[in-house]
Amino acid sequence: DDVAKMPKVPPITVSRVINRPELVSEKTQKKVRNAIRKTGYVPNMLAGALVSQRSRLVIVVVPNLANRAFVDTITELGKRLAAARYQLLLSQSDLNESHEYELIDTILARRPDGIVLTRRLQSDAAREKLLIRGIPVVETWELTEQPIDTVVGFSHEAVGRAMAEHIIERGHRRVGLVWSDDDRANRRRQACVACLQQAGVEIVACELQSAPVNMSHGRQAMARLLAANVNMDAVICSIDLLAQGAMAEAQAQGLQIPTNIAVMGFGDLEFAAHTHPRLSTVSIDGERIGLRTAELLLQRMDGSLGRGQCVEDVGFRLVVREST
């Protein structure tokens, strides 16, 4: 009402300028926005949500904000949702099973219009709560056999096999693993190991690192392998950060890559194309995941896409460079 008095327009016009600006002329919009600025008015989103039953809020759960693999996905997701006038709220959680139910309760208490999970829930009770509530959910960065709702991801098992097949094709027969110890990485590792063993390749060592990992973990793991005189001609790492550290330590100890030892990573992080030698890895299109997640979530929220009607495999790309 106070804002409407300044440009002498009905309060409904102010509401339209804020919520449906395409219904108001540019001239009137300018007057109303000037009044909003002068009065310092901020719409009460909570009150609006009570009336409309829409919060215009999407909550994205990430295991760790330091995980650079999700940056492109979240950026693209946020841009697309913002264009549709939704606000993105990040929730950081390691999604430990014992805390998942409490986390989902906390999220649902904020009444979001949609939820994006960057890792599947381990708790059956938490999954059941989301199913009962019926809120639109998109699970990303993996494919799951029992989706809560909509899925945009890729097969970690297929990635593990592709990594192994590349090392096999290069003729390596004694392989060490430097791996992060989390659910998705372990699924890649199990598929990788099975493929290597089927081809008669020996797994000579496996260094597991608690997530989240960084370059120093890779360096320390490689130092332990070299100190133990492990006879290996290749090292496969669960993520590029570990691979970069493994390469740095091997080179510091006088080994040539890939002449003495080949190194492979996963993720195709920005630095992978600029190491020396350049790092062979697996590329995931995080931007595409973010865009498709946003598009499908918007369809779920406006009712044009039904629950559980879409499981989209975005695939991956093997990037072969000099390190292998």
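Begin by selecting helix α12, residues 286–302, in this predicted model. The helix lies across β1, β3, β4 (137–140), β5 and β11, and its direction makes about 170 degrees with that of β5.

Six strands, in the order β2-β1-β3-β4-β5-β11, form an open sheet with parallel pairing. Colour β2 (87–92) and β11 (311–313) separately: each stands at an edge with a single partner strand, so one side of each is left without a neighbour in the sheet. From one strand to the next, the twist averages 15 degrees.

Now zoom in on β5, residues 150–153, and its partner β11; the two run parallel and are joined by 3 bridges.

Then select helix α6, residues 97–109. Helix α6 lies across β1 (57–62), β2 and β3 (114–117), and runs at about 160 degrees to β1.

Move on to the strands β7, β6, β8 and β9. In the order β7-β6-β8-β9, these 4 strands form an open sheet, with parallel pairing. Highlight β7 (202–210) and β9 (262–264), which stand at the edges; each has a single partner strand, so one side of each is left without a neighbour in the sheet. The twist here averages 15 degrees from one strand to the next.

Within this sheet, select β6 (residues 174–181) and β8 (residues 234–237), which pair in the parallel sense over 4 bridges. Val175 stands opposite Ala234 in β8.

Finish with helix α8, residues 156–169, which packs on the sheet and touches β6, β8 and β9. The direction of helix α8 makes about 165 degrees with that of β8.

Notes
Residues are numbered from 1 along each chain as its sequence is written. This is a predicted model: local features need pLDDT of at least 70, side-chain atom pairs count only at pLDDT 80 or more; totals for chains, interfaces and linings use all residues. Side-chain values use heavy atoms; hydrogens and water are left out. Two strands pair if DSSP finds at least two bridges between them. Axes are lines fitted to C-alpha atoms, for helices over the stretch in contact, and angles run from 0 to 180 degrees between N-to-C directions. Contact means heavy atoms within 4.5 Å.
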